[in-house]
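Welcome! Take a moment to look over the sequence and the 3D view, and then we can walk through a few spots together.

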Amino acid sequence: MTLELFIQYLFAGITYGSIYAIVAIGFNIIYNTTGIINFAQGEFVMLGGMISISLLPVLGLPLAIVAAVVITMIFGALLEICFIRWLVNPGVLRMIIITIGLSILTREAALHIWGESIHSLPYFVGNEITSVTIAGARISPQVLWVVGACGCMVIILSIFFQTTSVGRDMRACAANRTAATLCGINTRNMVTLSFMLSAGIGALAGCVVSPITSTAYDNGTGLAIKGFTVAILGGLGNSMAAVGAGLLLGIIEAFSVHIIPLAFQDAIAISLLLLILFIRPHGLFGSRSAGLKEF
Amino acid sequence: MALLELRGLHKRFGGLHAVNDVSFGVERGLIKAVIGPNGAGKTTLFNLITGTVPASGGQVLFAESDISRKKPHQIASLGLARTFQNIKLFSDMSVLENVMVGLHVRSRTGFIGSMLRMPAGRREERRLRVQALQLLDRLGLSDFADCEATSLAFGQQRAVELARAMALQPSLLLLDEPAAGLNIYETAEVGRLISSIREQGVTVLLVEHDMSLVMDISDEVVVLSFGKKIAEDVPQSIQQNDEVIRVYLGE
């Protein structure tokens with residue numbers, strides 16, 4: 001393998017890996033406040049892409065993306081308020097099945113609104129053949145947008161969770177819900193907020209990646225499986241580990257093309273998921289006691 | 001009127017009558033203890049007062065308003081704080097952060113300000129930090145401010161939980177077995193701490209098994225047995241009460 005090819009694969013891996021990481025962080029944020037896996041996570045990414053594409057002619061690219069993120073956040077909040085919030089003592093399994101139902105519902109609604117055809121946002125800079133050269137390899141500038149946007153999201157999220165009082169309240173809620181309530185924190189609002197945050201980051205990821213991967217109504221499912229694999233791989237609830245695990249999965253997938261046919265790419269993620277569930281269900285970086293607390 | 005007033009409080013778990021028609025008041029500025037054999041319904045009583053478990057019947061009045069239908073977080077922000085028998089600190093957070101979570105209820109920055117880290121939000125954050133440190137200092141915990149809360153020794157975790165509860169600036173503090181698992185020196189220390197909390201104008205209601213501590217610091221004692229109140233009096237009279245002696249020592 002030449003150095004150019006190596007870098008080409010590496011960047012392809014990092015691009016997909018950062019998207020997987022963002023989806024996984026979305027899983028983690030909701031898992032931490034509620035203990036459930038929100039399988040509608042992938043749909044947020046699809047909605048972000050689709051909504052921005054629809055708004056593009058009206059608002060222009062930057063505003064369309066902002067609007068798509070905001071609308072998806074409202075959508076996330078509504079999902080929680082309408083389907084999760086009012087449940088009395090909901091079991092974890094019941095809530096997970098509800099999110100699977102919601103994901104199917106969202107997908108079907110998207111099919112009716114945007115049809116079966118594939119849409120995509122234009123490249124933010126230049127077009128599909130524009131490229132920058134890094135160490136002899138030719139990389140689309142959009143790749144840098146994706147990596148940059150995902151990196152920024154990770155940094156902003158960690159600042160939010162570490163240094164703001166709302167972020168601290170959310171962590172408190174994740175650590176011990178009863179105690180948080182008795183400190184005067186409205187834990188239900190924290191759950192709604194976690195859905196909004198997850199929807200927001202998912203939507204933004206959906207926008208920046210749309211020029212490269214295109215957006216179709218059924219994008220969400222695949223992403224949810226990849227994101228779930230990454231979340232488990234890193235250890236559920238651990239967002240920093242999800243970044244590492246996301247990049248790892250992305251890079252493994254990218255380099256696998258060199259050895260086995262492209263058609264088997266998805267099989268790699270699934271095999272990895274099964275493997276990790278059998279061998280280390282608490283994740284590569286997670287501690288045994290922290291993993292899968294609710295199951 | 002009393003700061004806290006329980007009127008005919010009931011709680012049934014299926015066939016079990018965990019709290020059965022319990023009524024008493026806690027006057028402002030007092031330390032009142034609830035005692036009783038295991039399973040008498042003491043912790044359930046606390047859960048009813050703080051709203052974590054809904055009552056089957058009866059009323060809880062706090063500062064003259066009915067809180068029986070209120071949500072736990074609303075009750076907490078009215079100034080009613082509690083600690084737990086089995087310590088519930090926020091893991092993965094420092095001692096300081098644990099206390100800051102308690103303080104946040106009293107802070108004024110809204111949601112958006114805090115999210116965007118506006119100047120007011122940053123000032124508020126600094127103010128919270130200073131307040132939290134002062135609070136830790138008063139409880140002799142300032143050396144541990146940056147330690148992970150759950151990594152501390154048992155007695156210290158208790159104190160952190162107390163600091164977090166005090167951060168809510170409560171008018172009434174509920175303590176669920178504050179001396180459980182502590183040795184006699186630590187217990188005496190806890191006793192002094194509770195008395196000093198009362199000096200600061202906070203009313204205290206506690207559940208405790210350590211009788212010497214209870215008799216030492218409380219102004220009034222309520223005795224529960226099988227969910228029913230069997231006595232309520234000053235400590236000296238409780239020690240002489242035949243019914244109480246029978247419940248504790250058998251016939």
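In which strand is Leu61(B) found? Leu61(B) sits in strand β4 of chain B, which covers residues 57-62. Keep in mind as you explore that this is a predicted model.

**A leucine in strand β4 of chain B**
- Leu61(B) has a relative accessible area of 9%, and because anything under 20% counts as buried, Leu61(B) is a buried residue.
- If you set aside neighbours within four places in sequence, Leu61(B) is in contact with Met1(B), Leu3(B), Leu4(B), Glu5(B), Arg7(B) and Asp66(B).

- Glu64(B) belongs to the loop between β4 and β5 (65-66) of chain B.
- The phi angle of Glu64(B) is near 70°, which is a positive value in a residue other than glycine.

**A hairpin in chain B**
- Strand β9 (residues 220-225) and strand β10 (residues 228-233) of chain B run antiparallel and are joined by 5 bridges.
- To see one of the pairings, look at Leu224(B), whose bridge partner in β10(B) is Lys229(B).
- Together β9(B) and β10(B) form a hairpin, with 2 residues between the strands.
- Phe226(B) lies in the loop between β9 and β10 of chain B, and it has a positive phi of about 45° although it is not a glycine.
- Is Phe226(B) buried or exposed? Its relative accessibility is 73%, and since the cut-off for exposed is over 50%, Phe226(B) counts as exposed.

**Two packed helices in chain A**
- Two packed helices are described by the angle between their axes and the distance between the axes.
- Helix α10 (residues 239-256) and helix α11 (residues 265-279) of chain A pack at an angle of about 140°, with their axes 9 Å apart.
- The crossing of α10(A) and α11(A) is right-handed.
- On the α10(A) side, the contact is made by Leu249(A), Ile252(A), Glu253(A), Ala254(A) and Ser256(A), while α11(A) supplies Gln265(A), Ile268(A), Ala269(A) and Leu272(A).
- Sorted by class, this contact of α10(A) with α11(A) has 6 nonpolar, 2 polar and 1 charged residues.

Note on methods: Residues are numbered from 1 along each chain as its sequence is written. Chains are lettered from A and ligands numbered from 1 in the order in which they are written. This is a predicted model: local features need pLDDT of at least 70, side-chain atom pairs count only at pLDDT 80 or more; totals for chains, interfaces and linings use all residues. Side-chain values use heavy atoms; hydrogens and water are left out. Axes are lines fitted to C-alpha atoms, for helices over the stretch in contact, and angles run from 0 to 180 degrees between N-to-C directions. Helices (H or I, at least four residues) and strands (E, at least two) are DSSP runs, numbered from the N terminus. A crossing is left-handed if the near helix is turned anticlockwise from the far one by less than a right angle, and right-handed if clockwise. Contact means heavy atoms within 4.5 Å. Ala, Val, Leu, Ile, Met, Phe, Trp, Tyr, Cys and Pro count as nonpolar, Asp, Glu, Lys and Arg as charged, and the others, Gly among them, as polar. Two strands pair if DSSP finds at least two bridges between them. Buried means under 20% relative accessible area, exposed over 50%, partly exposed in between (1.4 Å probe, protein chains only).
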